Amino acid sequence: MNPGPVLLLWALALLATVASQEYENRMESHIDRSVPWIHTFRQGFNFQCPHGEVLVALQSVFSEKEGSDRLWAFECQQTPTTLGHPTECWWDDTNRAGMEWSSTCGNNGLVAGVMSKYFEPVLDREWSFYCCRYSRRCPYSCWKSLEVPGQYREEGEFVIPGYGYFIRGAQTTFDGVLRDRQWKYIVCRMTDFDCEFENL
């Protein structure tokens, strides 16, 4: 028996495996592995801050080769004692993949978590915020951040400007050609006293 064809097939299979591994390494070389990403590409996730904490920072990185998806990392922080403890928490409205979306936590709530599911046919995600209300505190001095990321497909990062500022929601646009989103985060301060206004 001539071992030539068998040896050739084995060598080709080995070469294909090595080439595939090199491709995967090059493809993911721009991803910072020291960041605590909460999921892998194309995977759904459900992230909630510990009780009494809210979202204060977000980071994401885009990969066209991974289904035009982003990896996400979130950071939470304890709320000031003047805010008290959360009196109720809930999941807010969910957007539809491939659509623009704007969501602000109702009942004067603050964002304390994020849930997302990836949809392969659209190459986009659905999103929902986990909101927590703190007694009858009310938002004031609200504003929207600049677009995050600054350009589609760039790395995105947003951090609240200081202690005592809170993310209450976001407005996002979706580019159907580039298959990516830009976000404007809705940031407010909160009163140290109860007030009568709701759904601000």
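Predicted model: local features only at pLDDT ≥ 70, side-chain atom pairs only at ≥ 80, totals over all residues.
Biologist: How many bridges join strand 2 to strand 3?

Modeller: There are 10, with strand 2 covering residues 53–63. As one example, Ala57 has Glu75 in strand 3 as its bridge partner.

Biologist: OK, switching to rings. How many aromatic pairs are there?

Modeller: The count comes to 12. Among them is Trp101 with Phe129, a tilted pair at 5.2 Å centre to centre and 35° between the planes. Trp101 is in strand 5 and Phe129 in strand 7, 28 residues apart.

Biologist: Are those two buried or exposed?

Modeller: Both Trp101 and Phe129 are buried.

Biologist: And why is the pair of Trp183 and Tyr185 called stacked?

Modeller: Their ring centres are 6.0 Å apart and their planes are at 5°, so the pair counts as stacked; the cut-off for that is under 30 degrees. Trp183 is buried at 3% relative accessibility, and Tyr185 is buried at 2%.

Biologist: Which residues do the ring pairs link into a cluster?

Modeller: Phe45, Phe47, Trp72, Phe74, Trp101, Trp127, Phe129, Phe158, Trp183 and Tyr185.

Biologist: What sits over the ring of Tyr165?

Modeller: That's the charged end of Arg189, 4.6 Å from the ring centre.

Biologist: Now the charges. How many salt bridges does the structure hold?

Modeller: It holds 9. One of them pairs Glu64 with Arg153 at 3.3 Å, N to O. Glu64 is in the loop between strand 2 and strand 3, and Arg153 is in the loop between strand 8 and strand 9, so the pair ties together parts 89 residues apart in sequence. Arg153 is partly exposed, at 29% relative accessibility.

Biologist: What about Arg125 and Asp69, buried or exposed?

Modeller: Both are buried. Their side chains meet in a salt bridge of 2.8 Å, N to O, linking strand 7 to strand 3 across 56 residues.

Biologist: Which residue does Arg133 form a salt bridge with?

Modeller: Glu88, with the closest N and O atoms 3.5 Å apart. Arg133 is buried at 10% relative accessible area, whereas Glu88 is partly exposed at 35%.

Notes:
Residues numbered from 1 in each chain as written. Heavy atoms only, no water. Pairing = 2+ DSSP bridges. Helix = DSSP H or I, 4+ residues; strand = E, 2+ residues; numbered from the N terminus. Phe/Tyr/Trp six-rings, centres within 6.5 Å; stacked < 30°, edge-to-face > 60°. Buried < 20%, exposed > 50% of the residue type's maximum accessible area, 1.4 Å probe, protein only. Lys NZ or Arg CZ within 6 Å of the ring centre and 35° of its normal. Salt bridge = Lys/Arg side-chain N within 4 Å of Asp/Glu carboxyl O.
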